[in-house]
Amino acid sequence: MKRTALAASAALLLLPLTACGGSAEAGDGSTVTITVGYQSKTINTVTAGTLLRSLGYFEKELNSLGDGKHYKVDWQDYATGAPITAQMTAGKIDIGSMGDFPLLINAARGKQLGKPTHLVSVTGYNLRGGLNTIVTSPNSKLASLTDLKGKKVSTSVGSAADGTLVRALQRAGIDPDKGIEKLNQQPAVGASALSAGSADALSQFVAWPGLLTFQGKAKALYDGAQLKLPTFHGVTAREDFAQQRPAVLEAFLKAQAEATDYLNDHPVTAAEKVAEATGLPAEVVYLYNGAYGISTFDPAVKPQLVSALKKDVSVLKSAKLTGDIDVDSFVDDQYVKKALGARYTERLSATPPAAASEVWPKGADKTTSFKSPAELLSYVGKHKDGIRAAYVPDATTGTLWFADKAVWVADGGRLLPFVAPATAKTYVAGHGGARIITYADALGQAS
């Protein structure tokens, strides 16, 4: 199955290069079509995809260029980064967005086929790696990574989620190639396999772990933030397109920055817009893209993200998906620097907001934040029928999670939430008197 899937991916990436490019000028040359490849349900890319499209900012920026051209944007939605890369190397997509591991494959395929691409901006990121999570079925007896030995684990080979799985298993002393039976599956297929019992665990990227957990179809086994390795999604552009139409690329990056500001200034409304466009529950979108969500959005290409990208190369090489990759030549932030001007330096040094607990009341167009998880629980206990969603940050990693899905620990008068049972147990082992309690008990203690 793995070999078949990899062969199919390779076939996609080796499509003929004789087709017309994405930027097609019709008739008198006054109409230019810009083709953007995005992943609507990979909600860590919304500022370069779903949200940007719904706001119309790119089209607005193109219309203001004043170069006598009429621009048309062709938005093409894909489930993963692989087909976007295939279309880019075939000259059919000008700008695309995808995760860090697919970005590296994008770089490798572009160079291999003589159609180089470049990372030109970042969409969403998490400096600890919290965008990827390993989950199990709700009734699973698996409680830690070591329990995965000999089990069937679904993931998408070549994705950041697979990278998290490989690294997490290695740290747990399990050979990621021989210690488990890896199922190379698309996220939706893996989710079905988990529900059907044909997979014991699922390692996937945003928004699948949160979605399945919210739906009651999964529970967290491992929080990717435990790796303390940055994960991110970004925007890639064909080199020839960027050189031929730098003003268009800069217009896209200006629009992306505007969409980022919109998301940060109106997080609830942005979540509702993305939910409407994708069919995902707004509560799940907000878990990742909210004011204190798992993902931080900023187009700046931060040095720590580039450093993490370099470390990712070895994982892809060990899986024989790529050879060496010159990350420094792949990264090209000149266009986003020009697009943002003086604001770029400010964004480059910006840091994610401090973790906080939040409640989204029913019917409200904004959330309410609390200084501690205990204060949130006290509020929830008094307004049980008026809560749309409640979010709390993991006590050790800061990863936001649904309050009613978290693992709770009582430590004296403190109530501490954790994404995964293993981290909760580790905390309890190091703090005498601390104990794991149910969510109902946590609510009772906070009231």
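This is a predicted model: local features need pLDDT of at least 70, side-chain atom pairs count only at pLDDT 80 or more; totals for chains, interfaces and linings use all residues.
Biologist: How many helices and strands does the protein chain have?

Modeller: There are 19 helices and 19 strands. These are DSSP runs numbered from the N terminus: helices are H or I with at least four residues, strands are E with at least two.

Biologist: What is the radius of gyration?

Modeller: The protein chain has 22 Å, which agrees with the value near 22 Å for a compact globule of 447 residues. The radius is taken over C-alpha atoms, and the globule rule is 2.2 Å times the number of residues to the power 0.38. Along its principal axes the C-alpha trace spans about 75 × 50 × 35 Å.

Biologist: What share of the residues is buried?

Modeller: Buried residues are 57% of the 447. Buried means under 20% relative accessible area, exposed over 50%, and partly exposed in between (1.4 Å probe, protein chains only).

Biologist: Take Thr 296. Where is it, and is it buried or exposed?

Modeller: Thr 296 is in strand β12, residues 296-297. It counts as buried because its relative accessibility is 16%.

Biologist: Which residues does Thr 296 contact, beyond its neighbours within four places in sequence?

Modeller: Thr 296 is in contact with Thr 123, Gly 124, Tyr 125, Pro 352 and Pro 353. Contact means heavy atoms within 4.5 Å.

Biologist: And where is Thr 438?

Modeller: Thr 438 sits in the loop between β19 (435-437) and α19 (439-446). At 43% relative accessibility, Thr 438 counts as partly exposed. Its C-alpha atom is 43 Å from that of Leu 321, which is 117 residues away along the chain.

Biologist: New topic. What is the volume of the largest cavity?

Modeller: About 80 Å³. A cavity is a set of points on a 1 Å grid over the protein atoms alone where a 1.4 Å probe fits but cannot get out, and lining residues have an atom within 4 Å of a point. Points are joined across faces, edges and corners, and the volume is the space filled by probe spheres set on them.

Biologist: Which element gives the most to its lining?

Modeller: α6, with four residues.

Methods:
Residues are numbered from 1 along each chain as its sequence is written. Side-chain values use heavy atoms; hydrogens and water are left out. On a 1 Å grid over the protein atoms alone, a cavity is a set of points where a 1.4 Å probe fits but cannot get out, and a pocket is an open set with protein on both sides within 12 Å along at least five of seven lines; lining residues have an atom within 4 Å of a point.
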